[in-house]
Amino acid sequence: MTDPAVRTPPVPQTTPGGFRAMMSGFPTGVCIVTCTALDGTPRGMTCSSLCSVSVAPPTLLVCLRDGSPTLRGILDSGRFAVNLLHDGAREAAELFASGDPRRFQLLPWEQPPGTAGPHLVRDAHTVADCDVALTQKMGDHVTVFGEARDIRQQQPRPPLLYGLRQFRSWSAA
Ligand SMILES: Cc1cc2nc3c(=O)[nH]c(=O)nc-3n(C[C@H](O)[C@H](O)[C@H](O)COP(=O)(O)O)c2cc1C
């Protein structure tokens, strides 16, 4: 018998709720996209829309809510960092999805010289510094294509996962 908590949702309708329910049946990894606004303020948001686009040049994309302060900072600075979260970073993911303006005061981060945005030294297993290559507005989000300039592994840990509206750890089973 399948655990009801891990059954796919039964609602494919083209309403906003039905679309969200459909996408909840497509689990992903979780990252926090960060940048530095023009006034020096760190910005960042939890993001599961990360997708690989090209290997040469090494390019990824993220889809960010139009109007997001993090998106504004990325568009202004032309750079962003992708912090891939490990399985102990669920609280960080929730914090950076909460809209809490104190989010950067509540976890450790650093921004080494020349990097694109804050690096989450405790919560990310890997960080990629990216330059914005292209942007495309689509509906209520903006797709940002980024070319990865520098990739650093910080901790060899399993990734955090998100699907069916739940955070999960990678399981060997
Ligand atoms: C697991 C998870 C994944 C998310 N992925 C995205 C995403 O890909 N794009 C997006 O715009 N918002 C996403 N969100 C919502 C944002 O994290 C949330 O709206 C956040 O407050 C935005 O930060 P901002 O204040 O800089 O706009 C996600 C939230 C969660 C919990």
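This is a predicted model: local features need pLDDT of at least 70, side-chain atom pairs count only at pLDDT 80 or more; totals for chains, interfaces and linings use all residues.
Me: Where does the ligand sit?
Reply: The ligand takes up the space of the largest pocket.

Me: Which residues come nearest to the ligand?
Reply: There are 17 residues around the ligand, and Thr46, Ser49, Cys63, Arg65 and Thr70 come nearest.

Me: Which helices or strands supply that shell?
Reply: Strand S3 (42-47), strand S5 (59-65) and helix H2 (69-77) each supply at least two residues. By class, the shell has eight nonpolar, seven polar and two charged residues.

Me: What lies 3.3 Å from an oxygen atom of the ligand?
Reply: That is a polar side-chain atom of Arg103. An N or O atom in the side chain of His141 is 3.4 Å from a ligand oxygen. For Ala97, a backbone N or O atom lies 3.5 Å from an oxygen atom of the ligand.

Me: How much of the ligand does the protein bury?
Reply: The protein buries 82% of the 640 Å² that the ligand exposes when taken alone.

Me: Back to the largest pocket. How much space lies in it?
Reply: About 1600 Å³. The lining has 44 residues, with Thr46, Cys47, Ser48, Cys63 and His141 nearest the centre. S3 gives the largest share of that lining, six residues.

Me: What about the second largest pocket, what volume does it have?
Reply: Its volume is about 190 Å³. Of the 14 residues lining the second largest pocket, Leu50, Leu60, Leu84, Ala128 and Ile151 are closest to its centre.

Me: How many charged residues are in that lining?
Reply: The lining of the second largest pocket has no charged residues, but 10 nonpolar and four polar ones.

Methods:
Residues are numbered from 1 along each chain as its sequence is written. Side-chain values use heavy atoms; hydrogens and water are left out. A residue is near a molecule or strand if one of its heavy atoms lies within 4 Å of it. A polar contact is a pair of N or O atoms within 3.5 Å; within protein, one must be able to donate a hydrogen and the other to accept it, and residues adjacent in sequence count only if both atoms are side-chain atoms. Accessible areas come from the Shrake-Rupley method with a 1.4 Å probe; for residues, only the protein chains shown count as cover. On a 1 Å grid over the protein atoms alone, a cavity is a set of points where a 1.4 Å probe fits but cannot get out, and a pocket is an open set with protein on both sides within 12 Å along at least five of seven lines; lining residues have an atom within 4 Å of a point. A molecule sits in a cavity or pocket if more than half of its atoms lie within 2 Å of its grid points. Helices (H or I, at least four residues) and strands (E, at least two) are DSSP runs, numbered from the N terminus. Ala, Val, Leu, Ile, Met, Phe, Trp, Tyr, Cys and Pro count as nonpolar, Asp, Glu, Lys and Arg as charged, and the others, Gly among them, as polar. Grid points are joined across faces, edges and corners, and a volume is the space filled by probe spheres set on the points.
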